[in-house]
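I opened this notebook to record what I looked up in the structure shown below. The entries follow in the order of my reading.

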Amino acid sequence: MAAQRGQRNGVGDTPPAPTAAELTTPIPRVVAEVPAARERARAIPEAAVARLAVYLRVLSGMQDGGVGSVSSEELSAAAGVNSAKLRKDLSYIGSYGTRGVGYEVAVLIEEIERILGLTRKQSVAVVGIGNLGHALANYGGFPGRGFPVTALFDVDPDLIGVPVGGLPVEHIDDIPTICAEREVSIGVIATPPPAAQAVCDRLVEAGVQCILNFAPVVLQVPDHVEVRKVDLAVELQVLSFHVARRADNAAAIESLNGQVNGVIVS
């Protein structure tokens with residue numbers, strides 16, 4: 001039985017010479033690379049994905065400042081992580097840098113953007129145009145990072161048709177139609193808690209598969225829908241814990257110092 005090309009027939013044998021067709025026909029790299037990149041993306045831990053977004057922000061600032069290359073130590077210090085963790089995070093996307101040179105900023109930005117799905121714009125709809133919704137609709141940083149806000153929704157009749165951030169506010173009953181027409185991929189819920197689930201259901205009906213939820217409720221969604229929750233009260237409570245712990249540590253140290261100073265050494 002003849003050996004497959006690239007395998008040996010036996011000890012000391014050499015593989016068959018490639019045919020003329022194999023020498024002249026290019027290997028289709030793109031077909032093989034795309035699944036590989038997707039497999040790498042699926043294997044990245046969620047905590048690392050969050051840090052990749054931070055690295056991208058830092059790198060974009062460096063690029064704007066004319067920086068062409070950066071070492072892992074410089075990037076880790078700017079991002080607020082240790083260099084070992086940064087190198088591990090970047091290894092998930094297949095980027096290992098060059099010894100003595102570091103990472104090319106433009107190349108690393110391109111690699112992270114590809115993994116984060118930022119090679120095409122992700123249209124955003126904001127639902128709930130109260131104080132928070134107004135702020136989100138008017139935030140100029142979203143379009144520049146690939147997240148243009150293309151639709152706004154509310155139930156307040158005084159808001160319907162009123163432009164906010166250059167867009168007219170639509171009624172939430174129109175979410176399924178408008179989000180589908182404008183190919184909205186990310187929905188932002190900034191409504192009062194009682195309305196959040198109904199809004200979420202409308203977004204899912206429109207085909208929106210990613211939701212950023214500012215309402216302090218747990219949303220029930222199908223398995224294929226990704227939800228990220230931002231609860232500002234919880235974040236403040238976490239910060240309060242750290243403040244209290246530092247105060248307790250300071251009090252314990254002060255008490256210990258008082259005991260040591262009170263000891264009479266003969």
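**Salt bridges and a helix contact**

I first looked up Arg228 and Glu46, whose side chains meet in a salt bridge at 2.2 Å, N to O. The two belong to distant parts of the chain, with Arg228 in strand S9 (residues 226-229) and Glu46 in helix H3 (residues 46-64), 182 residues apart. I note that the model is a predicted one. Arg228 is partly exposed, at a relative accessible area of 45%, whereas Glu46 counts as exposed at 52%.

I then searched the whole structure and found five salt bridges. Another of interest to me joins the side chains of Asp89 and Arg51 at 2.6 Å, N to O. Asp89 of helix H5 and Arg51 of helix H3 are 38 residues apart, and this pair also links distant parts of the chain. Asp89 counts as buried, because its relative accessibility is 1% and buried means under 20%.

I turned next to Glu73 and Arg87, which form a salt bridge with their closest N and O atoms 3.7 Å apart. Glu73 lies in helix H4 and Arg87 in helix H5, so the pair ties together parts 14 residues apart in sequence. Both residues are partly exposed, Glu73 at 47% and Arg87 at 37%.

How do the axes of H4 (residues 72-79) and H5 (residues 83-91) cross? I read that they come within 9 Å and cross at roughly 100°, which means that H4 is roughly perpendicular to H5. In this contact, Ser72, Glu73, Leu75 and Ser76 of H4 meet Ser83, Leu86, Arg87 and Leu90 of H5. I recorded three nonpolar, three polar and two charged residues there.

Conventions. Residues are numbered from 1 along each chain as its sequence is written. This is a predicted model: local features need pLDDT of at least 70, side-chain atom pairs count only at pLDDT 80 or more; totals for chains, interfaces and linings use all residues. Side-chain values use heavy atoms; hydrogens and water are left out. Axes are lines fitted to C-alpha atoms, for helices over the stretch in contact, and angles run from 0 to 180 degrees between N-to-C directions. Helices (H or I, at least four residues) and strands (E, at least two) are DSSP runs, numbered from the N terminus. Angles under 35 degrees count as roughly parallel, over 145 as roughly antiparallel, 65 to 115 as roughly perpendicular and the rest as oblique. Contact means heavy atoms within 4.5 Å. Ala, Val, Leu, Ile, Met, Phe, Trp, Tyr, Cys and Pro count as nonpolar, Asp, Glu, Lys and Arg as charged, and the others, Gly among them, as polar. A salt bridge is a side-chain nitrogen of Lys or Arg within 4 Å of a carboxyl oxygen of Asp or Glu. Buried means under 20% relative accessible area, exposed over 50%, partly exposed in between (1.4 Å probe, protein chains only).
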